[in-house]
Amino acid sequence: MPGKLKVKIVAGRHLPVMDRASDLTDAFVEVKFGNTTFKTDVYLKSLNPQWNSEWFKFEVDDEDLQDEPLQITVLDHDTYSANDAIGKVYIDIDPLLYSEAATVISGWFPIYDTIHGIRGEINVVVKVDLFNDLNRFRQSSCGVKFFCTTSIPKCYRAVIIHGFVEELVVNEDPEYQWIDRIRTPRASNEARQRLISLMSGELQRKIGLKVLEMRGNAVVGYLQCFDLEGESGLVVRAIGTACTLDKLSSPAAFLPACNSPSKEMKESPLVHPPSHGCRSTHNSPIHTATGSRLTQNFSVSVPTLIYTGMGSGSAGKEGGPFKALLRQQTQSALEQRGGSPHRFCRRREFPFFTLTAFPPGFLVHVGGVVSARSVKLLDRIHNPDEPETRDAWWAEIRQEIKSHAKALGCHAVVGYSESTSICEEVCILSASGTAAVLNPRFLQDGTVEGCLEQRLEENLPTRCGFCHIPYDELNMPFPAHLTYCYNCRKQKVPDVLFTTIDLPTDATVIGKGCLIQARLCRLKKKAQAEANATAISNLLPFMEYEVHTQLMNKLKLKGMNALFGLRIQITVGENMLMGLASATGVYLAALPTPGGIQIAGKTPNDGSYEQHISHMQKKINDTIAKNKELYEISPPEISEEIIGSPIPEPRQRSRLLRSQSESSDEVTELDLSHGKKDAFVLEIDDTDAMEDVHSLLTDVPPPSGFYSCNTEIMPGINNWTSEIQMFTSVRVIRLSSLNLTNQALNKNFNDLCENLLKSLYFKLRSMIPCCLCHVNFTVSLPEDELIQVTVTAVAITFDKNQALQTTKTHVEKSLQRASTDNEELLQFPLELCSDSLSSHPLPPAKEHLESASSNSGIPAAQRATSVDYSSFADRCSSWIELIKLKAQTIRRGSIKTTVTVEKASPVGDGNFRNRSAPPCANSTVGVVKMTPLSFIPGAKITKYLGIINMFFIRETTSLREEGGVSGFLHAFIAEVFAMVRAHVAALGGNAVVSYIMKQCVFMENPNKNQAQCLINVSGDAVVFVRESDLEVVSTQQPTANCQSSCTEGEVTT
Amino acid sequence: MTSELDIFVGNTTLIDEDVYRLWLDGYSVTDAVALRVRSGILEQTGATAAVLQSDTMDHYRTFHMLERLLHAPPKLLHQLIFQIPPSRQALLIERYYAFDEAFVREVLGKKLSKGTKKDLDDISTKTGITLKSCRRQFDNFKRVFKVVEEMRGSLVDNIQQHFLLSDRLARDYAAIVFFANNRFETGKKKLQYLSFGDFAFCAELMIQNWTLGAVDSQMDDMDMDLDKEFLQDLKELKVLVADKDLLDLHKSLVCTALRGKLGVFSEMEANFKNLSRGLVNVAAKLTHNKDVRDLFVDLVEKFVEPCRSDHWPLSDVRFFLNQYSASVHSLDGFRHQTLWDRYMGTLRGCLLRLYHD
């Protein structure tokens, strides 16, 4: 499918003065694609040149179209000496390669120079004409859509979720080539930028090919990363989840016709329609497995912990082509032992999903977090075309993750991500995810068939279903403490649940959530090569253990019982290791009430000491009580009596412990392993432990009106208003090298993070009440005594008064939820969920499109008025929210009166969107919103324009003049934002969602007055329409049908 | 543990109005932090001094980066680096170009050159405005002056177009530019009682009536320069005081009309010739640049002070000036009625404004 790329250079503005004599510039432009270059005329003596060039046409292969960026260079013409470069613009033309996205790129782009930053702007128009070519052996994958969003994009429907795709490409880093010694820093930076752009293009194309091979048409949760391995090269790797997506607005989505997807993608006839076999196979509900499963000693939450303990002995050299292959953890012996490793289709080696949020019914059970790390020594990549070494490394890690998951009785891993930390020649590879059991309805045939057979059709998945243990209780491989689910009383649940995914939309949460972080530093001796790697390997298990303990303690201190969005980052530096775990704690209604934290002293019979202990204990208890109040955690205790189930064990146990704590002698007998009890005992046997307890209590809650979480949305807050503020904050501290102890280091690191958060709260105080969402901390150790913390998050305001402001996203969510909602109502232990509804339970496996039937929704909504607010405030508020939303949904659906009720919601919604959405939100011209979330509050995403993936280098040799390191980096980050916004605007978009700053590598040399920074960002360019704009249309057409539900919606609020 | 680097960058640039004011007022970060602490912000928000320090630094850095753009406000609107809502942009610009009354009185009518810049130190000491702020205000005056100096068309419109200022502020700048261009003396001790507003009022009247643009807006005109031809013609008015008959007739016309209406009639009658001589001589002298500069000094000396020493109430001054200008129309021997109206119309407005304590 070769194509013709057409470029027109229109004008420039705000150009820098290049000729000191005249204070003007004689600018011209070079347009380069591949090996072809065109030039515009020189526009003499102007800082605002009007070139208005002809169309420059490049005839190229689509392979090149995907790989190469369009390179535009603005120069100053000089008759006597060489022309001076003003700056460059790289334009990724990938979004033009599939018809659904942008059709033209047109707009003002900042002209960027790696030494001077942004220097004026240039107006460019880019178009692509593609020719159809049915060559089966093509190397391109035009037409495959890429999304950074880690959920099914808002205006699409997942027909099939195929699974994991990964690829990596390697190359020499231009910065380390011999030629770098003789070329200018600018040339070197530009070579690097260009190479990375090229490599990511190639990577994306290769991933696209794999997707086509799997017969998918899109990659969701696409995460691309760079490993700057220094001397040994440059690795660009990416993972994602291959899917077959249908555009919701397209009526074809509901026809089982095979040609529906290809209609949508005219240039990619090879994209196959979904194979419809999968639909018919899974009409039966799936539920927990019993029977003989793998038995392995895993703790529920962090199986790695156990692994690290076991595996430590095997850390050492392994053979092979590597210089040294040190592994922190054993190659899991599971495959040989229990499970059958080849249960999964060979075609899809790893049943991993990079998604963190799922269509309703997709997630059946969640086992817990699985993670694996390995320490490698980097070696020069000898042959860039054969990146086998790196491939093998990752394959190994993935294998391990897979077996961990299997040991938890899970056949899949969701919320999967990979990362690296490099220091000199040592590299830590990490992978983590959440072991889960999935509903195979969405997966392509064969993937999970094996597991299915074992499953019994015991029960319908409910909203608590995902909490239920996937592993076998009788044959439980590790000392986890199980109770009956507090929601359905039928299945077993663990006492705590750790996951890397977002909170499922149908989960019942009590109160609000909060950001929980565990922070840890460990000193390490400076060492070389293998000794260094061994030292790191030895430290890792302890770090993981401690991070886990901290998380557990803090979770208990908050009175919560589950963590979502857990991300543990281990960073390696010259002389230390840093661990930072972030997660969002919540209280899941289905899980038991967490016990308190018990403090125990080691030295008995010392009065003052005991007094001290009891004082501490009181403080902890007070904190827990305070937190419960703060986060509005008040679980409905009566539910136990209503159901009449036995009082769960943990309560007794916690009481028992409390009584024991009086005599310190007995305390020592307590088993310290996490799983066995829910009351946590902290032993204070030395000053270290004392410090730990202190640090627990020093975490200051955010000021009132502020909430924070690292997941997409804050559990317990629904009424977002439309004001958002995305930001990046960077801090670097220098440690005094004199008294470096673990303790001092921990304190410094802790203070750094806490102060950073405090600063954020202060800066954003004008937005109160607001919530910091998707708080993403990244730690790096750029030098011996430097710690760098980078935070990106979005602050979203919300309406404190719970006003009737249901955002579009909620409507969508309620759409998705529709099927499970009805069941939620059934499970709700209140009289209002009574007989009439339970008479027609909705099987979860039935097409969710049809399940949003308004006939069951409306009565439910009406019933809502009878809820007694005061007694069940927590639960009801969120529940009412759902009903309110549903009312909204129904109203929306009923607009299209000609459509039958069954089809109403998605079809009506989609068409509605088409009819009412203006092609582009004119009211917000110029403003481009950025958010790390997959949605925009108060707005509806109408179109995905393509992926934004940009890499910039900035260097300075006049650091002081640019305001020091802070001034330099501040300006650079602002420039990066500007360039992202400009690209989005040029694509015709008005927002970037799922924005992420994947890398921010900062190096300074103040003595030489130099600094350099590399930043890599990505996201999805979208068009959104304000909800208020849509609302106008919807209220214009009230129908008799929706009347009741409309009023209902108002009443319930 | 020392903080090496500490930054916050929002997709929408955060602007703290209070910190902006402190920055504009030329306070150092340390002083600004101290002032903020004193405002009680720590108690309100529960923040620590370190947080405040970091926040202030951050805002200062942002303002520093914005300053380059504020020098050419249209650039601020079109630039892509900082995403700022339009209302905030307007606020940034308006505040940046706002000036202190005390400062403007010191430099009004002075040449906006480097020589004067050296005097900023003294002005800073005298007015208590920080040197930094003085420098910003001075540079603003100079920048606006430079940009509109050679431009055609309405001065206010030009300023508004190139600096995106509010109407009020643009008018003030027009006055400043006009005064600087004509180098009117405003610093004499006699003139100290006059406010910037008084001068700005006069400037506006003069721009409207005495410049080239006042006669023909199509012309290759500039609002900044007084109409040379008009100033030349003003010599013709001398006849009003030089010709004794004309002067007497003028006096009798005014006295007849005002008899019984003026509280200070006798003083007026006694002083008429002096006052008229003063006003007409001011006009006749305007051909020389030096005398143009002294216009306000002359007006105060020749008219405001004599009246004030006789305790004329403002209403009487108004009656007198009205009658004084109108009576000239009844002087048969006087041929320069239009010229007189153009001169006296403006002067009457100015004098009434200047006449206060």
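pLDDT is the predictor's confidence in each residue, from 0 to 100. You'll want that in mind here, since this is a predicted model.

So how does chain A score? Its mean pLDDT is 70, with 64% of its residues reaching 70 or more. Two stretches to read with care are listed below.

| Stretch of chain A | pLDDT | Contacts in the model |
|---|---|---|
| residues 638–679 | below 50 | 67, beyond near neighbours in sequence |
| residues 803–925 | under 50 | 218, beyond four places in sequence |

Now for the place where the two chains meet. On one side, 47 residues of chain A take part, and they are in contact with 34 residues of chain B. Together the chains bury about 3,600 Å², and carbon and sulfur atoms account for 59% of that. Which residues of chain A lose the most area to chain B? They are A:Phe762, A:Lys763 and A:His970, which together make up 23% of what that side buries.

Between chain A and chain B, 24 residue pairs are in polar contact, counting pairs with both residues at pLDDT 80 or more. Several elements of chain A each supply at least two residues to the side touching chain B, including β7 (105–113), β26 (720–734) and α14 (742–763). The largest share comes from α21(A), with 13 residues. Sort the residues on that side of chain A by type and you get 24 nonpolar, 11 polar and 12 charged.

Finally, the interface holds 5 salt bridges. A:Arg731 forms a salt bridge with B:Asp6, and their closest N and O atoms sit 3.0 Å apart.

Terms used: Residues numbered from 1 in each chain as written. Chains lettered and ligands numbered in written order. Predicted model: local features only at pLDDT ≥ 70, side-chain atom pairs only at ≥ 80, totals over all residues. Heavy atoms only, no water. Contact = heavy atoms within 4.5 Å. Buried area = accessible area lost by both parts, 1.4 Å probe. Salt bridge = Lys/Arg side-chain N within 4 Å of Asp/Glu carboxyl O. Polar contact = N/O pair within 3.5 Å; in protein donor to acceptor, adjacent residues only side chain to side chain. Helix = DSSP H or I, 4+ residues; strand = E, 2+ residues; numbered from the N terminus. Nonpolar A, V, L, I, M, F, W, Y, C, P; charged D, E, K, R; others polar.
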